[in-house]
Amino acid sequence: MALKSWIASANDPKTDFPLANLPYGVFRHAHSTRIGVAIGDQVLDLHVCATDGLLAPLSGEVVHACTEIVLNPLMSLGPHAWSALRRRVTELLSEEDAAEDVRQRVQTALIPVHEVEMQLPAQIGDYTDFYASIHHATRVGKLFRPDNPLLPNYKYVPIGYHGRASSIIVSGSDVRRPSGQTKPPQAAEPTFGPTHSLDYELEVGIFLGAGNSLGTKIPIEEAEQHIFGLCLVNDWSARDMQSWEYQPLGPFLAKNFATTISPWIVPMEALAPYRTLAAVRPYGDPAPLPYLDSSQPGAIDLTLEVCLQSKQMRDAGQPPAHVSRSNMRDLYWSIAQLVTHHASNGCNLRSGDLLATGTISGPDEGSEGCLLEMKQRAEPLRLPNGESRTFLEDGDRVSFRAFTQREGLPHIGFGECTGTVIAAL
């Protein structure tokens, strides 16, 4: 049975942030930047908790990390410290455990979520984007290689590339339409100008906690001990720019102009009850090489949704339109495999580094994780007001949501990952 909180909004069955979640984020309020935990429609200010002695049972390094303005110091402490802090915060907010005098003290550390301005949760030193969904890879591959959509390496090696950390932005930020070189098939030479094929990509982000030293590896059975938590990622893509520039070295300006992340990082402990076995590989597919083979459940039963709202819809007061739904359990490569593979050559991962799964899509129509995949459909995407989309237009607002739920367990959500496209300069 799920624990209840003395904060009423945390017990709402529809909230993303019940007591069983307790995601971490960084917020700004009253000219001050703090670390917080989401609980119902409130934010628990960990700086206030730390300075008021509410975290006193914890070690000094944990308490000190809660007074910082980014999560990196806390991330670096590892899973034992994370668990201890999570237990203490649960005690402070639990209807069963928190005494009346404790509740009164905690009350002074609570801020309504609508009063805070969310920030990037960590100083992100490096960002790596993977290509872990075989359904996405196959659909996109068919557009360019109908008879051979997957390249020979796909089923052996998690494909990835290094992205740009400086252009990662928090949910709610506008995304300016990028400009770059494009070359239509019929053109003799490329031209420079705004992209005509702006797309979103529905992904899950993996925030690294304690890293590894340069020249060492992370064994597959230990990989998740290095994961602080998960968020949502929209790795915006300019498809026409990408198709011209990506050979032979891969994405560059078509991808590095903006990557939006949701502000709350959901701890792995919160997701533990929602684990499931990874999708069964099709008959005849090779088994993972030994360094990527794990006996642990490799997937999370996490539903992912995309909504789209045009400027015309907003002006008319129409709500966002549901565009697609997929599930993280359908990934071909697990998050543990992505971490292990990344460090398998001795690459040093560091606290606050962000890895992303790549576009997450399912096998059926309606589960596409980007607009490019919808070119496989017989008709373009139709919005409720009659507009259609093949790619994003200026004024379009894209919102991602994610949640997991199981009978007898609470709804765990990620909050929103939202961005609005504005015109190119």
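Two strands count as paired if DSSP finds at least two bridges between them. The strands themselves (E, at least two residues) and the helices (H or I, at least four) are DSSP runs, numbered from the N terminus.

Welcome to the tour. What you have open is a predicted model, in which local features need pLDDT of at least 70, side-chain atom pairs count only at pLDDT 80 or more, and totals for chains, interfaces and linings use all residues. Residues are numbered from 1 along each chain as its sequence is written, and side-chain values use heavy atoms, with hydrogens and water left out.

**Stop 1**

Begin by selecting strand 2 (residues 32-39) and strand 3 (residues 42-45), an antiparallel pair joined over four bridges. Pick out alanine 38 and you will find its bridge partner, valine 43, in strand 3.

Click on valine 26: its bridge partner in strand 2 is isoleucine 35, while glutamine 119 in strand 5 stands opposite valine 26. Strand 5 pairs with strand 1 in the antiparallel sense over three bridges.

Step back to see the whole open sheet, five strands in the order 4-3-2-1-5 with antiparallel pairing. Its edges are strand 4 (110-112) and strand 5 (117-119), each pairing on one side only. From one strand to the next, the twist averages 45°.

**Stop 2: the helix across the sheet**

Next, select helix 4 (residues 79-93).

How far apart are the end C-alpha atoms of helix 4? They are 21 Å apart, which agrees with the 21 Å that its 15 residues should span at 1.5 Å a residue; the expected span is 1.5 Å times one less than the number of residues.

Because 11 of the 15 residues are buried, helix 4 is largely enclosed by the rest of the structure. Among the buried ones are Trp82, Leu85, Arg86, Arg88 and Leu92.

**Stop 3: aromatic pairs**

Show the rings of Phe, Tyr and Trp (its six-membered ring): they pair if their centres lie within 6.5 Å, and planes under 30 degrees apart count as stacked, over 60 as edge-to-face and the rest as tilted. The structure holds seven aromatic pairs. One of them is tilted, tyrosine 24 with phenylalanine 228, at 5.4 Å centre to centre and 40° between the planes. Tyrosine 24 sits in strand 1 and phenylalanine 228 in strand 14 (residues 227-234), 204 residues apart. Tyrosine 24 is buried at 5% relative accessible area, and phenylalanine 228 is buried at 4%.

Then select Tyr131, Tyr154, Tyr332 and Trp333, which form one aromatic cluster. Both tyrosine 154 and tyrosine 332 are buried.

**Stop 4: serine 351**

Finish in the loop between helix 10 (335-343) and strand 22 (354-356), where you will find serine 351. Its side chain reaches the backbone oxygen of glycine 209 at 2.8 Å. Beyond its neighbours within four places in sequence, serine 351 has contacts that include Asn72, Met75, Gln123 and Leu208.

How values were computed: Buried means under 20% relative accessible area, exposed over 50%, partly exposed in between (1.4 Å probe, protein chains only). Axes are lines fitted to C-alpha atoms, for helices over the stretch in contact, and angles run from 0 to 180 degrees between N-to-C directions. A polar contact is a pair of N or O atoms within 3.5 Å; within protein, one must be able to donate a hydrogen and the other to accept it, and residues adjacent in sequence count only if both atoms are side-chain atoms. Contact means heavy atoms within 4.5 Å.
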